[in-house]
Amino acid sequence: SCATGFGDCDGDAGNGCEVELATSARHCGACGNACLNGCAAGRCLDAASCAALHRLDATLPSGRYTIDPDGAGGAAPFEAYCDMETDGGGWTLLATVTNSGDAANAGNWLVSTPTPNNWEGAATFGTPDPTRNEDYRSAAFQTVPGRALMITHRNLFLLRTDDACLADITLRDRFTRLG
């Protein structure tokens, strides 16, 4: 048997318990638990955004990934939808906007009473999937700053940011500053 924190991940008794599970990106916390962004204290580290994931591995398919915009020790990581194909890939889906009345939770983007409206508020709603015809807002809306962000309508881009157009602030902060 292996000492606590070590594993015999290659099954070769000749080299014993060769892996330190607390720091191995290929065997993080347990043999075979690979981490794309590295390992610390036996837990996989999450990327700050979909763009960061795309820079690490440009072959990743579009889909849901866990991101952690403020890094370890801050707010909890969350699941976001990443478009890894459109215009070079690496887009973090902030929101999906439907026409009023199209979906079960229609009207989430309409001005609420009293203010703030949902462009300024902090609530998340919907499912992180741009192909669904429902309003959606990710936690990324208020936590991922700056570049490679997108808002869609019926799986088409409505808005996307690039080249640091938000000067490293979140889209929610930009809307709030506009009043």
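Me: What pattern does the protein chain follow, read along the sequence?
Reply: Going along the sequence, the pattern is β-β-β-β-α-β-β-β-β-α-β-β-α. This is a predicted model.

Me: And how many helices and strands is that?
Reply: The protein chain has 3 helices and 10 strands.

Me: How much of the chain is buried?
Reply: 37% of the 179 residues count as buried. As for the surface, the protein chain exposes about 9,400 Å², and carbon and sulfur atoms supply 50% of that area.

Me: What share of contacts join residues at least 24 apart?
Reply: 41%, taken among contacts between residues at least 6 apart in sequence.

Me: Ok, the inside. Which residues touch the most other members in the largest nonpolar core?
Reply: Leu 53 and Leu 94 do, in a core of 19 residues. Helix H1 (50-56), S5, S6, strand S7 (91-96), helix H2 (140-143) and strand S9 (149-153) each supply at least two residues of this core.

Me: What is Leu 53 in contact with?
Reply: Leaving aside neighbours within four places in sequence, Leu 53 is in contact with Leu 36, Asn 37, Ala 47, Leu 60, Tyr 65, Ile 67, Cys 82 and Met 84.

Me: Which residues are in the second core?
Reply: That separate core has 5 residues, including Tyr 81, Trp 91, Leu 93 and Tyr 136.

Me: Switching to charges. How many salt bridges does the count come to?
Reply: The count comes to 1 salt bridge. Glu 79 forms it with Arg 64, and the closest N and O atoms are 3.6 Å apart.

Me: Where in the chain do those two sit?
Reply: Glu 79 is in strand S6 and Arg 64 is in strand S5, 15 residues apart, so the pair links distant parts of the chain.

Me: Is Glu 79 buried, exposed or partly exposed, and why?
Reply: Glu 79 counts as partly exposed because its relative accessibility is 43%, and a value between 20% and 50% falls in that class. Arg 64 is also at 43%, so Arg 64 counts as partly exposed.

Me: What about Asp 68, where does that lie?
Reply: Asp 68 lies in the loop between strand S5 (63-67) and strand S6 (78-83). Asp 68 is buried, yet has no salt bridge.

Me: Why no salt bridge for Asp 68?
Reply: The nearest side chain of opposite charge, Arg 43, is 7.0 Å away, and a salt bridge needs the side-chain nitrogen within 4 Å of a carboxyl oxygen.

Me: So what does Asp 68 touch?
Reply: Not counting residues up to four places away in sequence, Asp 68 touches Asp 46, Ala 47, Ala 48, Ala 75, Ala 76 and Pro 77. Ala 47 is also among the contacts of Leu 53.

Definitions and conventions: Residues numbered from 1 in each chain as written. Predicted model: local features only at pLDDT ≥ 70, side-chain atom pairs only at ≥ 80, totals over all residues. Heavy atoms only, no water. Helix = DSSP H or I, 4+ residues; strand = E, 2+ residues; numbered from the N terminus. Buried < 20%, exposed > 50% of the residue type's maximum accessible area, 1.4 Å probe, protein only. Lys, Arg positive; Asp, Glu negative; His and termini not counted. Contact = heavy atoms within 4.5 Å. Areas by Shrake-Rupley, 256 points an atom, 1.4 Å probe, with all protein chains shown as cover. Core = buried A, V, L, I, M, F, W, Y, C linked by side-chain atoms within 4.5 Å.
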